[in-house]
Amino acid sequence: MPRPQAFTTVEDIPLVGGSLCLDFVNTTGARESAAPRERLTRYRDLITWSQRAGILDASSAKRLRRVAARRGADAGDALPRVRRLREELYELLSSFVEGRQPTADMVARLAAHWRVARRTQDLVLGQSRLEFRTVTNEIDLDGLVSPIVIAAVDLLTSDRLSLMKRCAECDWLFLDTTKNNTRRWCKSTCGNRARSRERYERLQRSERRSSRGLSGTKAWPSTGMPRVRRRRSSSSKRR
């Protein structure tokens with residue numbers, strides 16, 4: 001029987017979405033189940049994930065942890081807002097995956113977040129061109145979502161949107177950048193689990209067919225004809 005899926009935390013959750021906004025919406029899973037796999041349970045979980053995702057460097061993450069510790073109530077209020085934005089993004093992105101037209105309300109909510117996020121953008125000189133860079137404000141505990149919103153708008157307004165898929169095994173989203181566009185699973189553990197389950201189901205079907213075949217086996221039916229006694233030859237009588 002397939003082994004139960006291991007639950008990952010923000011410390012080891014795979015970042016396999018191919019876009020910052022997809023890795024963000026993938027911080028939970030099994031949304032339709034009775035026990036969703038929530039990883040952002042505390043504000044410091046958001047800081048840890050943000051550092052892993054490249055939003056914060058080590059020194060910025062350390063400073064923000066100190067701010068969140070001093071402003072515990074504010075941090076506790078910010079986390080539900082962050083999770084609400086995550087589900088709004090997931091709903092909007094899923095509409096494109098499923099071929100549905102997003103509602104005007106979905107677009108309006110993202111546009112409102114985008115207008116706020118644009119205020120954190122600064123124009124700087126990169127290695128070979130000018131670039132936009134998000135300036136994080138350690139006083140603003142909601143500010144970590146600004147780069148995520150910018151990444152979502154960038155994805156939704158680009159040709160890369162056509163590469164977005166939902167995992168065939170879980171509800172995570174990812175960009176399929178394979179040459180033949182044949183990627184089915186977000187990560188190898190999902191693929192291994194799906195193949196393991198398929199093998200198990202094939203084995204179960206085979207065993208059921210074998211069981212039905214054995215239970216249906218019957219003795220060779222009698223013809224009901226009387227037995228014919230074999231007559232002894234004259235030579236055998238003389239013996």
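Buried means under 20% relative accessible area, exposed means over 50%, and partly exposed is what lies in between, with a 1.4 Å probe and protein chains only. By that rule Asn-181 counts as partly exposed because its relative accessible area is 39%. Welcome to a short tour of this structure, which is a predicted model: local features need pLDDT of at least 70, side-chain atom pairs count only at pLDDT 80 or more, and totals for chains, interfaces and linings use all residues. Residues are numbered from 1 along each chain as its sequence is written, and side-chain values use heavy atoms, with hydrogens and water left out.

- Helices (H or I, at least four residues) and strands (E, at least two) are DSSP runs, numbered from the N terminus.
- Helix H4 spans residues 72-97 and includes Ser-95.
- Ser-95 is buried, because its relative accessibility is 0%.
- Beyond its neighbours within four places in sequence, Ser-95 is in contact (heavy atoms within 4.5 Å) with Arg-100 and Pro-102.
- The axes of H4 and H5 come within 10 Å and cross at roughly 130 degrees; here axes are lines fitted to C-alpha atoms, for helices over the stretch in contact, and angles run from 0 to 180 degrees between N-to-C directions.
- That angle makes H4 oblique to H5, given that angles under 35 degrees count as roughly parallel, over 145 as roughly antiparallel, 65 to 115 as roughly perpendicular and the rest as oblique.
- On the H4 side of this contact are Leu-85, Glu-88, Leu-89, Glu-91 and Leu-92, and they meet Met-106, Arg-109, Leu-110 and His-113 of H5.
- The residues in the contact of H4 with H5 are 5 nonpolar, 1 polar and 3 charged; Ala, Val, Leu, Ile, Met, Phe, Trp, Tyr, Cys and Pro count as nonpolar, Asp, Glu, Lys and Arg as charged, and the others, Gly among them, as polar.
- With H6, H4 packs at an angle of about 10 degrees, and the two axes are 12 Å apart.
- This makes H4 roughly parallel to H6.
- Leu-85, Leu-89, Leu-92, Leu-93 and Phe-96 of H4 make this contact with Ile-148, Val-149, Ala-152, Leu-155 and Leu-156 of H6.
- By class, the contact of H4 with H6 holds 10 nonpolar residues, with no polar and no charged ones.

**Inside helix H6**

- How many of the residues of H6 are buried? Helix H6 is mostly covered, with 9 of its 11 residues buried.
- Among the buried residues of H6 are Ser-146, Pro-147, Ala-151 and Val-153.
- Ile-150 also belongs to helix H6.
- Apart from neighbours within four places in sequence, Ile-150 is in contact with Trp-114, Ala-117, Arg-118 and Gln-121.

**Salt bridges**

- The structure holds 14 salt bridges, each a side-chain nitrogen of Lys or Arg within 4 Å of a carboxyl oxygen of Asp or Glu.
- One of them pairs Asp-171 with Arg-31 at 3.7 Å, N to O.
- This pair links distant parts of the chain, 140 residues apart: Asp-171 is in the loop between strand S3 (164-166) and strand S4 (173-175), and Arg-31 is in the loop between helix H1 (20-25) and helix H2 (43-53).
- Asp-171 and Arg-31 are both buried.
- Arg-81 and Asp-142 form another salt bridge, with their closest N and O atoms 2.8 Å apart.
- Here too distant parts of the chain are linked, 61 residues apart: Arg-81 is in helix H4, and Asp-142 is in the loop between strand S2 (130-134) and helix H6 (146-156).
- Arg-81 is partly exposed because its relative accessible area is 37%, and Asp-142 is partly exposed because its value is 24%.
- Asp-105 and Arg-109 meet in a salt bridge at 2.2 Å, N to O.
- Both residues, Asp-105 and Arg-109, lie in helix H5 (residues 104-118), 4 residues apart, about one turn of the helix.

- Ala-30 is not a glycine, yet it has a positive phi of about 50 degrees.
- Ala-30 sits in the loop between H1 and H2.
- Asn-181, also not a glycine, has a positive phi of about 55 degrees.
- Asn-181 is in the loop between S4 and helix H7 (188-215).
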